[in-house]
Each structure stands twice: as structure tokens, then as C-alpha cells.
Amino acid sequence: MNRPLKIVTANKLALTNFATAFVLLLVGGFLGLIQGLNRAGVLEIVGGINYYEVLTLHGIFLILAFTTLFMNGYLWSATDYVLGGLTRGIRMMGWVAYGLFMFGALLVTIMVLAGEATVLYTFYAPMAANPWFYIGLVFVVLNIWLSGLGVFISAFRWKRRNKGKHLPLFAFFAVGVYILITFATLFVAAEVFYIIPWTFGWIDTINVMLTRTLFWAFGHTLVNVWYLVAVSAWYMVTPKVIGGKLFSDSLARAVVILIVVLNVPGGFHHQIVDPGFSEGLKFMHLFMSLAIAVPSLLTAFALFAMLERTGRRRGGKGLLGWFWTLPWHDVRFLTIMLAMISFIFGGAGGIAQTNNQLNQVVHNTLWVVGHFHVTVGVAVVLTFFGLVYWLIPHLSGRVLTKKIHNLGIWQTMLWTVGMLFMTLSMSYVGLIGSPRRTEYTTYGGNATALEWDPYLLFVGAGGILLFAGVVLMVYIVYHLMFLSPKGYTPFMVVEEEEEDAHKTPKWTENWGLWVIVAVLIISMGYLVPLVDLIGNAPPGSPPIRTF
Amino acid sequence: MKMNRMEEIWMIIAIGIIIIAMGITGYQAFALGMAPPSHQEHIDPQTVEEHPEFSEPGVYETGENQYEVIMTLQAFQFEPGEITVPEGAEVTFRMATKDVVHGVNVPHTNLNTMVVPGYIQEITQTFHEAGEYIMVCNEYCGVGHQTMSATITVEE
């Protein structure tokens, strides 16, 4: 199976994306440490930068920038590899996309550092930043669209060359991811193109709730995109690493389709305690949010079935013996396995908190921050870390040494323990009312606020461990790019299990149909509220700066 | 698409749990009146102070142990900032913001809502236990967000 010369053709592009991503992780992680220590009450932020500027950059660097660049590096490599190379033109597109991203990111960063855009990742109107902040975001979105286009064109050309064949599953995942992120970013693009003329003063007032609703159609879908990127590795890479095979090709394709078509309306659950929407509408959206859980539940079964089969093949006996025969000592497995386990908790918490009344208990408390540090911070990020150990040496023409491998085990431990500290304490302190996105405060020694302090110490402790983990990870990435011994590291991609290899249905391939279905479902969720918000709009707001 | 038998059972259980969750949430929302705050009244955010109701924020008694709190929010204060009601009082908060989006949370209760420019938000809470409660802004509203709070004293 191994064709020792087969490599990713656009390896320099991918390495550039990864290198930039990990520099941003280092900076964003450091900002996270500062916040964690501040929330713990042990660090006052001084020196011309305030807590909310730190938080704005931490959010944008980690949930938008690091993840986007990682996605581009990883899924472009996968598409490249399974489709047998990218053309020169497509590779050029990748470089242009990277340039657009860097330009946009630079604008955004300068604006935040200049104190012109302390509006957090959500930039809720009518709080208004300098218009160039939003223009910077447009360039980041252009990167995403161009990156998607490169994958779509490559997949389309492959299909034309290989009539009647199914698009390789890894490329199928990539197409699904970029379709979903394109849907998501269409909403934020609409929002930003509405905000820009308003911040320049060309229009006087803005429909606040409209911008908020457009934002969440983007904001939540975005994190689900990162989740889908991680899921692609769970299906495509993990079985290869442990010597197993794919549970079912058609099931994997169905999961991708479901995640893509069901996802966007889920964003509405961020508005469960908002005014302006009826109780009935909010209840209908409970259905739409919970529907997103279905493909994840399918995934949970398929992955554990794959793990069990492989574990038994490796000699595991009895009911649970297979579990211990899995290669826990292999960092490429350990990372992803811990990521998958964390998603059981993250997903369950998500299902709970999307139920309207339960949402009201935790809305905008640190519970929510705990939730997305489990889902994105562990399930997604630890998966990303797990890919580094073979993907980067594959791209750089090097091999993973024993020493770096063992360092990786330590890194994984630091990350896991750090996240346990941080997410458990955030979840609990959120349940007793501590607000998110708030600098350390006791509200003048208020007794209720003082109850939060002991738990917040653990947030700070988690932050220290996590930053140590970030530093270690960046060193590992640097080593694998520039210092590790030269050699060939194979690309990890699974083969299908023979006994389940019944024919994958043709309908899975019809992306035109799935895009239409997605548009219909998005319309079901958003048409009524958006038409109502526009047709029955309250008086608007002028730009306001409170930072 | 063929499915594994075990997988079918798993999916039936899983989807069953989701449907039960929806059933409970729907029952609580519509039969028990516990739905999240969803008031749909408009207000011009630029003239909140001239609004007949919000020009005079304060605590108003509306019935037997029933109160209405007319509250305005702005960076970085609640008005009124100190509220006193008797134990067992059913308090309806009517809230409007004069500037940006704010959030309102009273820890130890389920009072938690967004206040968005252009809308009056309404939420009712019965304070069964006497004591000092704090109301905090839980949506980032600017550089002094961490100072934005009010107190609710529930007297025996």
C-alpha cells in the first residue's frame, strides 16, 4: 500500500500555514495565560493594554485564526494527497489566500492593539470598532472562500477525470467542511458589509438584533466547522494509526452531509434569552439545535465500533479487554482518543445547555466558556495536535524521533490536566453565577462574588499548565519542521473495512442537492426571524464606543 | 444505506433521549410558563429617557407582594442600583438599554437575560428567600463592564 514517493505536492504552502498557525497559538495562548491569571485574582493587567483587548485577541487568534490556518494546511494536504496532487494554478490560489489572510489579520491586530477595536470576537453592535477592523475581517473571509474554491475545483476536476467513481472520502470531508464554512461566512460577510457603512457614518443607525442574529448564524457554525475538521481526522486518520479500518464509508459520508445541512440554524441557541423572538420560535430552534447532535451520535457509535474491532484484532479479550490493547503509548492515538472522549462530555453538556430553560441558567456564565474549552480546546485542538506528529514531518521530509514522541506524550498530559482544571472549575463557577467575559472583580467585596474566588484560582492554574503545553507544542512543531532527521513519513489515511464494504450509494455524491437541502433548512430556521427583524424593526442605534 | 443492527438500537435510544429532552423543555415552557424571557416590545434606544415609563426608573408596587422594577441600563450602571423588596415578592423587571447590549444575571436565581437596544425585555422572578442578592452585567459592555452591578435586598 505504501508508495514511498507519494507526497503532498503543495507541502511548502501547508508548512507555511502550519508555521503561522502555531505562532498565533503561541501568542493567543500567552494572552490566555494572562486572562487566566487575571480571573484567578493574582494578576492585574497593566501597561497600556486592558483585559478586554487581551480577550479580543485571544478569541480572534485562537477560534478564528489558528483554526482557519490549521484547517487550510491540513485539508489542503489531504485533498492534495488523495486526489493525486494539486495543479500549479490551485497552489497559487492557496498562496493568494494565505496573503489575503495575513493582510486581514494584520489589520485586525493593529486595530485591536491601537485600542480601536476592543469589541471581542462577537463585535456586537451597537458597540462600534474602527471600520478597518471589519475590513480586516473581510480579508480573512476571502481567505476562507478562496481556500474553499481551490478544494471545490480540485474535487470537480478529479470527478471529471474519474467518471463513475466516488470522490475519495478524505476529499469528501474537505468539500463538506468548506461548504459549511462558506455558508457560515456568508452570514458574517452580510453582517460586516452592513456594519462598515455604519461605522464610516454613511448610514446613521443599525438594526442591532439583525446583526446579532447574522453573527450567530456564523459564530456557532464556525465552531462546528472546527469540530467537523476534527471528525475528519477521527474517521480518516485514527484507524490508520491503530492498524484498523474504516467502519463504513457510506455512514461517514452520511455524517458529513448531515453535519453540513443541519448546522447553520443551530446558531440561534445563542439567542434563547434575547428579547424580540417568540417562545414558539425559540422552541422550534431547540429542535434544530438538537438535530445537530444526531450525526455526532452516529459518529460516536461508528468510532467506538472501529476501536473495538481493532482492539479485538490486536488480541483484546472479553467485554472491555479491547480497550486496553489499543496503542495508548502512541502519541498519534493518545491525543485523538482523549479528544474523542472529551467530546462525549462536551457534546452532552451542549445537548443539556441548548434546552431553553437550562440555557437560561448558564447563559453568559463561565459555564459556557468551560463548554467551548472542552469542545474546541480539547476535542478539536488535541486532535489538531495529534495530526502534527505525522503530517508535519511528512510535509517537511523528516521523521518523528523517539525523543520528540515522548515529549509529545508529556505535552498531551499537560494539555489534558490543564484543560481539566480549567473546564471543571469554569463549569462549576458558571453554575453559581460567575459571568464570562468579565475582568476579575468582587463588585466591591460582594459576598456572592467572593464565593467564586476559590474556583477561579483553578482557572488560573489551568492556564499555567496550558501555556506550558503551548510552549512545548510550538517547540515540537519547530523541531519537526526544521530539526528532526530527514526521512520519509507516510501520510496517514484509512482503508475501508472489507466486510462492511457494501456499495456507497450514489446520492451521497450529489453536492448540488445537499446545498439545496441546506439552504432549505437554513431558510426554515432563519427566514421567519430575519424577515420579521427587517420588516418589523425597532428604531436603530448609532455607533457607540464604550471602550 | 444499510445500518448495523446494534447501531440502529443505539440510534433509537439516542434519538429517544433527545425527544424526551424536547418534551420536558416544551412542557416546562408552555404548560408551566417557564419559557425563557421573550418580550417583544420596541423602544427607541436613543430616547429611552423621554419614554413615559423609562423616564422614571424605580421600584413600583403593583399588587399584593407584587412589584415592577422599571430599569434602565447603560455603561456601566443599572438604574435603580439598589432594590429592596419583601420576602416572597414577585418582581417583574422591565428593562431597556440606553447604549450597547447588556446582560442581566442574578446569581442564586434563574434570572438571566439579554437587554438589547431597541427592545424592552421583561422577566419575572419570585424571591422566596430573604438576603442580599447581586445583579451583574454578564455581557461585555465596555471598559468598565466588571463594575456594572446592582443589589437586590430581600427583607424578611
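Domain bounds here come from an automatic or database domain assignment. On that basis, chain B splits into domain 1 (1–35) and domain 2 (41–155), with 36 Å between the centres of the two, taken over C-alpha atoms. This is a predicted model, in which local features need pLDDT of at least 70, side-chain atom pairs count only at pLDDT 80 or more, and totals for chains, interfaces and linings use all residues. Residues are numbered from 1 along each chain as its sequence is written, while chains are lettered from A and ligands numbered from 1 in the order in which they are written.

**Strand pairing around β9 of chain B**

- Strands (E, at least two residues) and helices (H or I, at least four) are DSSP runs, numbered from the N terminus, and two strands pair if DSSP finds at least two bridges between them.
- Strand β1 (residues 41–42) of chain B pairs with strand β9 (residues 119–127) of chain B in the antiparallel sense, over 2 bridges; here E41(B) has I120(B) as its bridge partner.
- Strand β6 (residues 89–97) of chain B also runs antiparallel to β9(B), joined by 7 bridges, and F93(B) stands opposite I123(B).

**An open sheet in chain B**

- Five strands line up as β5-β11-β10-β7-β8 (chain B) in an open sheet with mixed pairing.
- Its edge strands, β5 (82–86) and β8 (112–115) of chain B, each pair on one side only.
- Strand β7 (residues 102–105) of chain B is antiparallel to β8(B) over 4 bridges, with V104(B) opposite T113(B).

**A loop residue in chain A**

- N446(A) sits in the loop between α15 (402–431) and α16 (447–483) of chain A.
- N446(A) counts as partly exposed because it has 18 C-beta neighbours inside 10 Å; buried means 20 or more and exposed 12 or fewer, with C-beta atoms placed from the backbone.
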